[in-house]
Amino acid sequence: MATSTNSHLIRNQTQIPKSISRSLLHLKKPSTINLTTTTKTKPISIRCSSSTITVVDSNPRVINFAAGPAALPENVLLKAQSELYNWRGSGMSVMEMSHRGKEFLSIIQKAESDLRKLLEIPSEYSVLFLQGGATTQFSALPLNLCNSDDEADYIVTGSWGDKAFKEAKKYCNPKVIWSGKSEKYTKVPSFDGLEQSMHAKYLHICANETIHGVEFKDYPVPKSSDGYLVADMSSNFCSKPVDVSKFGVIYAGAQKNVGPSGVTIVIIRKDLIGNARDITPVMLDYKIHDENSSLYNTPPCFGIYMCGLVFDDLLEQGGLKEVEKKNQRKAELLYNAIDESNGFFKCPVEKSVRSLMNVPFTLEKSELEGEFIKEAAKEKMVQLKGHRSVGGMRASIYNAMPLAGVEKLVAFMKEFQARHA
Ligand SMILES: Cc1ncc(COP(=O)(O)O)c(C=O)c1O
């Protein structure tokens with residue numbers, strides 16, 4: 001903290017605009033003002049008494065390794081903050097707008113068009129902004145794509161793929177054609193040996209298993225003549241370029257890489273829309289949402305707005321090729337630290353399919369894991385505890401995790417090892 005009498009206080013070259021400092025000097029009572037000078041700068045606090053202005057560089061943010069809801073880019077949060085009260089001169093917050101008004105229509109249309117640019121989504125695909133999380137898609141898929149006796153193949157590389165399969169069992173005739181369960185979900189199968197059904201309507205994968213840290217680096221091709229690939233991309237959506245034309249359906253909850261929870265994005269080939277079974281609830285019918293441009297009922301307006309800000313930010317960063325490079329660098333740094341620790345840290349996942357997004361690891365001395373998590377939290381590195389079903393640690397390093405966050409974790413891991421080896 002730095003203090004100065006009747007003057008601008010400058011710490012780390014923080015410039016207080018003259019207009020602000022002048023008005024601060026007129027404050028009678030001691031006060032604290034939080035302000036952000038531009039969207040590029042971090043928030044600062046200014047404490048002011050009649051004769052003293054104190055600037056506190058008080059970034060209260062932690063380094064958040066949560067698996068989802070997860071960290072959002074700071075500049076996106078600050079932009080949303082600056083627009084929260086009065087969105088671009090409309091006199092309203094996005095939370096207060098009619099979803100049918102011109103303001104919100106411009107928001108959802110831009111979000112869709114930016115997502116189309118980012119993923120180079122072909123025109124024969126629809127983009128839907130839905131609710132209910134990826135979990136709702138586990139049932140929406142078979143209800144829209146299958147009759148009750150239709151077959152569908154599932155490759156199960158982790159808990160989410162397993163949940164998708166179990167839900168599909170209620171509505172069609174799915175089959176697990178490969179499961180990594182006996183090897184504790186550490187692998188992706190070789191595609192050559194897969195025994196696919198020649199009649200399967202679709203082949204389902206979870207492109208990135210969030211809990212186990214297993215990621216498909218390439219995609220299997222369905223063997224049935226008019227079959228297509230369906231992917232749950234919840235935890236690696238927009239983390240790298242994807243050839244959308246390889247898929248019939250891609251779906252993802254927003255809350256890991258592209259926004260807050262409450263928005264689910266479905267990218268679906270248009271010819272697959274319109275075959276929902278009669279029993280399909282209206283809210284799960286892709287045709288209803290497609291015909292109404294995701295505005296059949298009140299959509300999660302604020303969440304869609306936030307996703308739009310994230311898409312804008314990803315485009316500004318240079319698009320998904322650039323984003324992928326950053327993600328590769330972060331993941332490499334962390335996996336190298338684990339692999340070069342002489343077994344002190346271990347990652348159980350086969351190297352070729354390790355996730356760029358979710359890095360699970362354990363300590364050789366498992367009794368130290370609690371201490372590791374506690375000490376990391378003291379250094380403002382939070383949410384490192386592994387999923388309750390697998391234990392150990394997990395660092396989720398989605399798009400919004402800066403390289404510096406991973407560097408700090410790696411430095412801490414090395415220092416922790418030096419103390420405990
Ligand atoms: C890969 C994957 N699929 C599905 C889900 C379930 O998503 P939701 O909670 O949005 O229903 C998750 C949640 O973490 C996930 O990581």
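Student: Where is Glu 375 found?
Tutor: Glu 375 is found in helix H9; helices (H or I, at least four residues) and strands (E, at least two) are DSSP runs, numbered from the N terminus. This is a predicted model, in which local features need pLDDT of at least 70 and side-chain atom pairs count only at pLDDT 80 or more, while totals for chains, interfaces and linings use all residues. Residues are numbered from 1 along each chain as its sequence is written, and side-chain values use heavy atoms, with hydrogens and water left out.

Student: How do you know whether Glu 375 is buried or exposed?
Tutor: The relative accessibility of Glu 375 is 17%. Buried means under 20% relative accessible area, exposed over 50%, and partly exposed in between (1.4 Å probe, protein chains only). Glu 375 is therefore classed as buried.

Student: What does Glu 375 touch beyond residues up to four places away in sequence?
Tutor: Glu 375 touches Phe 412, Phe 416, Arg 419 and His 420, where contact means heavy atoms within 4.5 Å.

Student: Why are H9 and H10 called oblique to each other?
Tutor: Two packed helices are described by the angle between their axes and the distance between the axes. The axes of H9 (residues 369-378) and H10 (residues 403-420) cross at roughly 130° and come within 11 Å. Axes are lines fitted to C-alpha atoms, for helices over the stretch in contact, and angles run from 0 to 180 degrees between N-to-C directions. Angles under 35 degrees count as roughly parallel, over 145 as roughly antiparallel, 65 to 115 as roughly perpendicular and the rest as oblique. A crossing at roughly 130° falls among the rest, so H9 and H10 are oblique to each other.

Student: What makes up the contact of H9 with H10?
Tutor: Glu 371, Phe 372, Glu 375 and Ala 376 in H9 meet Leu 409, Phe 412, Met 413, Phe 416, Arg 419 and His 420 in H10. The residues of this contact comprise six nonpolar, one polar and three charged. Here Ala, Val, Leu, Ile, Met, Phe, Trp, Tyr, Cys and Pro count as nonpolar, Asp, Glu, Lys and Arg as charged, and the others, Gly among them, as polar.

Student: Which strands does H9 lie across?
Tutor: H9 lies across E15, E16 and E18, and runs at about 125° to E16. The three strands form an open antiparallel sheet in the order E15-E16-E18.

Student: Why do E15 and E18 stand at the edges?
Tutor: Strand E15 (345-346) and strand E18 (393-396) each have a single partner strand, so one side of each is left without a neighbour in the sheet. Two strands pair if DSSP finds at least two bridges between them.

Student: What makes strand E14 largely enclosed by the rest of the structure?
Tutor: Five of the six residues of E14 (residues 264-269) are buried, so the strand is largely enclosed. E14 pairs in the antiparallel sense with E6 (residues 125-130) over six bridges and with E13 (residues 247-253) over five bridges. In E14, Thr 264 is the bridge partner of Leu 130, and Gly 253 also stands opposite Thr 264.

Student: Why are H2 and H7 called oblique to each other?
Tutor: H2 (residues 74-83) and H7 (residues 301-316) pack at an angle of about 130°, with their axes 10 Å apart. H2 and H7 are therefore oblique. The contact is made by Asn 75, Val 76, Leu 77, Lys 79, Ala 80 and Glu 83 of H2 and Tyr 305, Met 306, Leu 309, Val 310 and Asp 313 of H7. These contact residues divide into seven nonpolar, one polar and three charged.

Student: How do you know how accessible Ser 294 is?
Tutor: Ser 294 has a relative accessibility of 4% and so counts as buried. Ser 294 is placed in the loop between helix H6 (286-291) and H7, and its phi is also positive, near 65°.

Student: How far apart are Val 62 and Gly 405 in sequence and in space?
Tutor: Val 62 and Gly 405 are 343 residues apart in sequence and 9.5 Å apart in space, C-alpha to C-alpha. Val 62, in the loop between strand E4 (52-56) and strand E5 (63-64), touches Lys 380 and Val 382, leaving aside residues up to four places away in sequence. At 39% relative accessible area, Val 62 is partly exposed.
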